[in-house]
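I'd like to walk you through one model, chain by chain, and then look at how the chains meet.

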Amino acid sequence: MNGAELPIWAACLVVLLTVTGAGFALVGALGLIRLKTFYERVHAPSLGATLGMALILCGSMLLLSLIEDRLVLRDALIGLFFTVTTPVTLLLLARTAAHRDRFDGNPEAPPEI
Amino acid sequence: MTSVTILDWGLGLAQGMLVLAMALAAWRMLRGPRAQDRILGLDTFYLNGMLAIVVHGMRTGSGLYFEAALIIGMIGFTATVALAKFLMQGEVIQ
Amino acid sequence: MSRVLPHPLLSLALALTWLLLNAPPTPGNVLLAVVVGLTVPAVMRALEPRPVRLRAPSAIARLLGVFVYDMVRSNIDVAQVILNPRSGERRTGFITVPLELREPAGLTVLAVILTATPGTLWVQYDSDTGCLLLHVLDFTEDSDWEARIKDRYERPLLAIFERTPA
């Protein structure tokens, strides 16, 4: 831990960003448990993958920039990567589920287009 | 109350929340009921694990965990896509 | 120009990524970034990526603003839905939206936007009819989702990506 030279306000801001982001990720995971059908549950992880991740990465970039005393924007690459990949995974999962539900004649299955 | 204590406790709290989120995702992964629910659980699990590693990197104050987080993200993405494709067609490579 | 830089946007993105990864931009790193930006798109030419033309920079900026605002708001909405499940009032279901957008890059951006706003989920797109099947978590906020998607996202995307201005 080498944040001794950090001002108090910066530490508070970093902690606020990170804890809020972790809170969104936790609520997303909670939604995975609490929502009833599969198609409702697919919405839940994107909570952690969008705002939760963005806030945590902002906190990380702020902290590392202050510690290393220069602008560290590397973590934005993680954000970029996940912004591009999350739609692919969720879209594929939703299509797979729709395909399987239609095949099984499940009443939850989405309508044909 | 120094900034080190604030950071240590605050980031520890965030890490605990992310671990709890991983536990919830693991519960969905083990519980099912259908295969797509398990894959969704896996997706959430690795995402939260990646975020926990980022927060751990913040706690240690080193940028070394960045690569680990990026690689977990890449491998998790590949795994989820491969599993979803497998469920769709029964084959991964076609 | 087109011989040296077949995909200027790709070259720029690659060079910037290189500089972000190798953080303090020393002269050597900048040189390597330029080399990566120039050589990798030439290798990519074997894959024959479709050229993407962006226009209407003001529409890009406005769409970015709308996207960030909608992402934050829908995150808070979905968090509320999860934390107090008023399952009686909440109406969830599928809707179909007929799209005019045909450009693959535009459709990709639309998919990213709709997935990154947690209340909506892109399920299926039929490229023959141009119909998009969406799952919406909570209908109670705005009843007219179709008009919302067309006004807020599709129109700017048409202005940015389509060859003939709509």
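**Three chains and their contacts**

Let me start with chain C, where buried residues make up 25% of the 166 residues. Buried here means that 20 or more other C-beta atoms lie within 10 Å of the residue's own, with exposed at 12 or fewer, partly exposed in between, and C-beta atoms placed from the backbone.

A word on what you are looking at: this is a predicted model, where local features need pLDDT of at least 70, side-chain atom pairs count only at pLDDT 80 or more, and totals for chains, interfaces and linings use all residues. Residues are numbered from 1 along each chain as its sequence is written, while chains are lettered from A and ligands numbered from 1 in the order in which they are written.

Back to chain C. Its secondary structure comes to five helices and three strands, in the order α-α-α-β-α-β-β-α along the sequence. Helices (H or I, at least four residues) and strands (E, at least two) are DSSP runs, numbered from the N terminus. If we take contacts in chain C with a separation of 6 or more, 66% of them are between residues 24 or more positions apart. Two residues are in contact if their C-beta atoms, placed from the backbone, lie within 7 Å.

Now zoom in on a helix pair in chain C. Helix α1 (residues 8-21) and helix α2 (residues 27-44) of chain C have axes that come within 8 Å and cross at roughly 140°. So α1(C) counts as oblique to α2(C). For the geometry, axes are lines fitted to C-alpha atoms, for helices over the stretch in contact, and angles run from 0 to 180 degrees between N-to-C directions. Angles under 35 degrees count as roughly parallel, over 145 as roughly antiparallel, 65 to 115 as roughly perpendicular, and the rest as oblique.

The α1(C) and α2(C) crossing is right-handed. A crossing is left-handed if the near helix is turned anticlockwise from the far one by less than a right angle, and right-handed if clockwise. Which residues make this contact? From α1(C) they include C:Leu14, C:Trp18 and C:Leu19, and from α2(C) they include C:Gly37, C:Pro41 and C:Met44. By class, the residues of the contact of α1(C) with α2(C) are 14 nonpolar, three polar and no charged. Ala, Val, Leu, Ile, Met, Phe, Trp, Tyr, Cys and Pro count as nonpolar, Asp, Glu, Lys and Arg as charged, and the others, Gly among them, as polar.

On to chain A, which has four helices and zero strands. Its radius of gyration is 19 Å, well over the 13 Å that the globule rule gives for 113 residues, so chain A is more spread out than a compact globule. That radius is taken over C-alpha atoms, and the globule rule is 2.2 Å times the number of residues to the power 0.38. Along its principal axes, the C-alpha trace of chain A spans about 65 × 25 × 20 Å. Of the 113 residues in chain A, 52% are buried.

Chain B has three helices and zero strands. Here the radius of gyration is 16 Å, well over the 12 Å from the globule rule for 94 residues, so chain B is also more spread out than a compact globule. In chain B, 43% of the 94 residues count as buried.

So much for single chains; how do they meet? Of the two pairs of chains that touch, chains A and B have the most contacts. There, 52 residues of chain A are in contact with 46 residues of chain B. On the chain A side, α1(A) gives the largest share, 16 residues. That side has 35 nonpolar, 13 polar and four charged residues.

The contact between chains A and C takes 32 residues from chain A and 31 residues from chain C. This time the largest share of the chain A side, 10 residues, comes from α4(A).

Within that pair, α3(A) and helix α3 (residues 57-83) of chain C pack at an angle of about 135°, with their axes 10 Å apart. Their crossing is left-handed. A:Leu47, A:Thr50 and A:Leu51 of α3(A) contribute, along with residues of α3(C) including C:Met71 and C:Asn75.

Finally, what about chains B and C? They do not touch, and their nearest C-alpha atoms are 10 Å apart.
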